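Please read this short report alongside the model.

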Amino acid sequence: MDPHLRDLRYFVAVAEELHFTNAAQRLHIAQPTLSRQIRQLERQLDVVLFDRNQRSVALTVAGKELLDGARKILELWEVTNISLQEAGEVLRVGIQSAMGRGLLNDLESASGYRLALHAASWNDASSGLAGRQADLALVWLPLPDSNRYRWQVLRTEPRWVLLPENHPLAGHEVIDFADLLDEPFIALPAEAGAIRDFWLGNDARGGRAPKVGAEAATPEDKLEAVSLGLGVCLLAENNVPMYRWPGLTARPLSGIAPCELAVAWRADDTRPTILEFAGRATEGGFATLQHQPQPVAS
């Protein structure tokens, strides 16, 4: 089987960094995943691409040959893909499962472009931008490696907390975040980077480290973890209805900054369609999604 473009991107990143951990951070994937993909690529091609030891990584003769060809292939694909996207006026939008439902339809209406959905996992904080599976992405700020991206904020909304309905604080109409500092929290995967810290409320902890009761890779995992009493978790206000679950409730927070939903794109993507899309989406304002959720209980 021929290598995928993804495999070539992974290879080029390692070849340029000559360091698996640095390359994995650049690609926003786990280092073991990257190592596994490179080994698979070597088996596919039946060559050794890197000389590895405990202290260094170096390209082999075959690796140097592939690097030149891989760069040309990826560059050609980018040029071709841009032409296709501009010709068809279809833009790929990355979105994570934690976003409110209906966002894509509203964004399509506001922007006037036909959109294709790229469903991203919580392991990819860039929602497909880093791996070029998406042209734009709907993301919660902050973004990783912010110098690699540009963005426009679409809306700002308060952060809420999801907790068991029998929790001592569940009866409060509004909960002060300071009262949650000693609570265990449900965290996003480590690969989520800066946004994991944000949804742990680290910006409001005054330097105190959070207690992580469990990690969740999907909304379902998060619901189950909170239901089992492993911790509480923060939510965006507009996402509160997504987390209706027997035995759980959600409350607004004070003492913590709101979250920002943005449309983002790569800094090196200067296509007029990208900038026009961002402008139209921002002007659209997502008015249809501006609602005021009430405290949610089962």
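## A loop residue

In which loop is T60 found? T60 is found in the loop between β2 (57-59) and α4 (61-88). Helices here are DSSP runs of H or I with at least four residues, strands are runs of E with at least two, and both are numbered from the N terminus. T60 has a relative accessible area of 11%, so it is buried. Buried means under 20% relative accessible area, exposed means over 50%, and partly exposed lies in between, with a 1.4 Å probe and protein chains only.

T60 touches V48, L49, F50 and D51, leaving aside residues up to four places away in sequence. Contact means heavy atoms within 4.5 Å.

## Basis of the model

The model is predicted: local features need pLDDT of at least 70, side-chain atom pairs count only at pLDDT 80 or more, and totals for chains, interfaces and linings use all residues. Residues are numbered from 1 along each chain as its sequence is written, and side-chain values use heavy atoms, with hydrogens and water left out.

## The chain as a whole

The chain has eight helices and 14 strands. It has 298 residues, and 48% of them count as buried. Take the contacts between residues at least 6 apart in sequence: 73% of these join residues at least 24 apart.

The chain exposes about 14,500 Å². Carbon and sulfur atoms supply 51% of that area. Accessible areas come from the Shrake-Rupley method with a 1.4 Å probe; for residues, only the protein chains shown count as cover.

## Helix α1 against α3

Helix α1 covers residues 5-17 and helix α3 covers residues 31-45. Their axes come within 10 Å and cross at roughly 110 degrees. Axes are lines fitted to C-alpha atoms, for helices over the stretch in contact, and angles run from 0 to 180 degrees between N-to-C directions. The two helices are therefore roughly perpendicular to each other. The classes are: under 35 degrees roughly parallel, over 145 roughly antiparallel, 65 to 115 roughly perpendicular, the rest oblique.

α1 passes α3 in a left-handed crossing. Left-handed means that the near helix is turned anticlockwise from the far one by less than a right angle; right-handed means clockwise. On the α1 side, R6, D7, Y10, F11 and V14 meet L34, Q37, I38, L41 and Q44 of α3. The residues of this contact divide into six nonpolar, two polar and two charged. Ala, Val, Leu, Ile, Met, Phe, Trp, Tyr, Cys and Pro count as nonpolar; Asp, Glu, Lys and Arg as charged; the others, Gly among them, as polar.

## Helix α1 against α2

The axes of α1 and α2 come within 8 Å and cross at roughly 130 degrees. These helices are therefore oblique to each other. Their crossing is right-handed. R9, Y10, A13, V14, E16 and E17 in α1 meet F20, N22, A23, R26 and L27 in α2. This contact has six nonpolar residues, one polar and four charged.

## Backbone geometry to check

H28 is not a glycine, yet it has a positive phi of about 60 degrees. H28 sits in the loop between α2 (20-27) and α3, and counts as buried at 11% relative accessibility. S127 is likewise not a glycine and has a positive phi of about 55 degrees. S127 lies in the loop between β4 (114-120) and β5. S127 is buried, with a relative accessible area of 1%.

What kind of peptide bond joins L141 and P142? The bond is cis, with omega about 10 degrees. P142 lies in the loop between β5 (136-140) and β6 (149-157).
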